[in-house]
Amino acid sequence: LVQVFSNLIRNAMHAVDVAKRRAGEIRVRTTATPERVEVRVSDNGTGIDAKHLPLIFEPTFTTKSVEEGTGLGLSISRRLVR
C-alpha cells in the first residue's frame, strides 16, 4: 500500500506543479465501514483529459516526459490493490 499511496500522491504533486498553483492542494480522505476502507486522493491540479481516462491504467501510458515518469505507476498500483 505504501507503493500505491506514493504513486497517487506523486501524480497529484505533478498535476499541481504543472498547473502552477500558488496554493496547490492535495487531499487524502478516508472512510471506514465494517467491510472496507475507502481512500480518496484529490488535488487542484490540471486534471485528466477525458480522452486519456480509458488509458490511465495501461502499462507505459503517460503524459509526462521521459525524465518525469515511466507510465507504470497507476498500472502497478491497480494490480497491487486488486
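How many positive and how many negative side chains does the protein have, and how far apart do the centres of the two sets lie? The protein has 13 positive and 9 negative side chains, and the two centres lie 2 Å apart. For this tally, Lys and Arg count as positive and Asp and Glu as negative, while His and the chain ends are not counted. Each charge is placed at NZ of Lys, CZ of Arg, CG of Asp or CD of Glu.

The structure is a predicted model, in which local features need pLDDT of at least 70, side-chain atom pairs count only at pLDDT 80 or more, and totals for chains, interfaces and linings use all residues. Residues are numbered from 1 along each chain as its sequence is written, and side-chain values use heavy atoms, with hydrogens and water left out. The mean pLDDT (the predictor's confidence in each residue, from 0 to 100) is 92, and 100% of the residues reach 70 or more.

Turning to the overall fold, the protein contains 2 helices and 2 strands, arranged α-β-β-α from the N terminus on. Here helices (H or I, at least four residues) and strands (E, at least two) are DSSP runs, numbered from the N terminus. Taken along the principal axes, the C-alpha atoms fill a box of roughly 40 × 30 × 25 Å.

Of the 82 residues, 16% count as buried; buried means under 20% relative accessible area, exposed over 50%, and partly exposed in between (1.4 Å probe, protein chains only).

Helix α2 (residues 73-81) shows how burial can be arranged. Leu74, Ser75 and Ser77 are buried in this helix. Seen down the axis of α2, these buried residues fall within an arc of 165°, so they line one face of the helix; the arc is that of the directions from the helix axis to the C-beta atoms. The buried residues of α2 pack against α1, while the face turned away from the buried side carries the exposed residues Arg79 and Leu80.

Two loop residues also deserve a look. Lys20, in the loop between α1 and β1, has a positive phi of about 55° although it is not a glycine. Lys20 is exposed, with a relative accessible area of 72%. Thr60, in the loop between β2 (37-43) and α2, likewise has a positive phi, about 75°, without being a glycine. Thr60 is exposed too, with a relative accessible area of 57%.

Technical notes:
Contact = heavy atoms within 4.5 Å.
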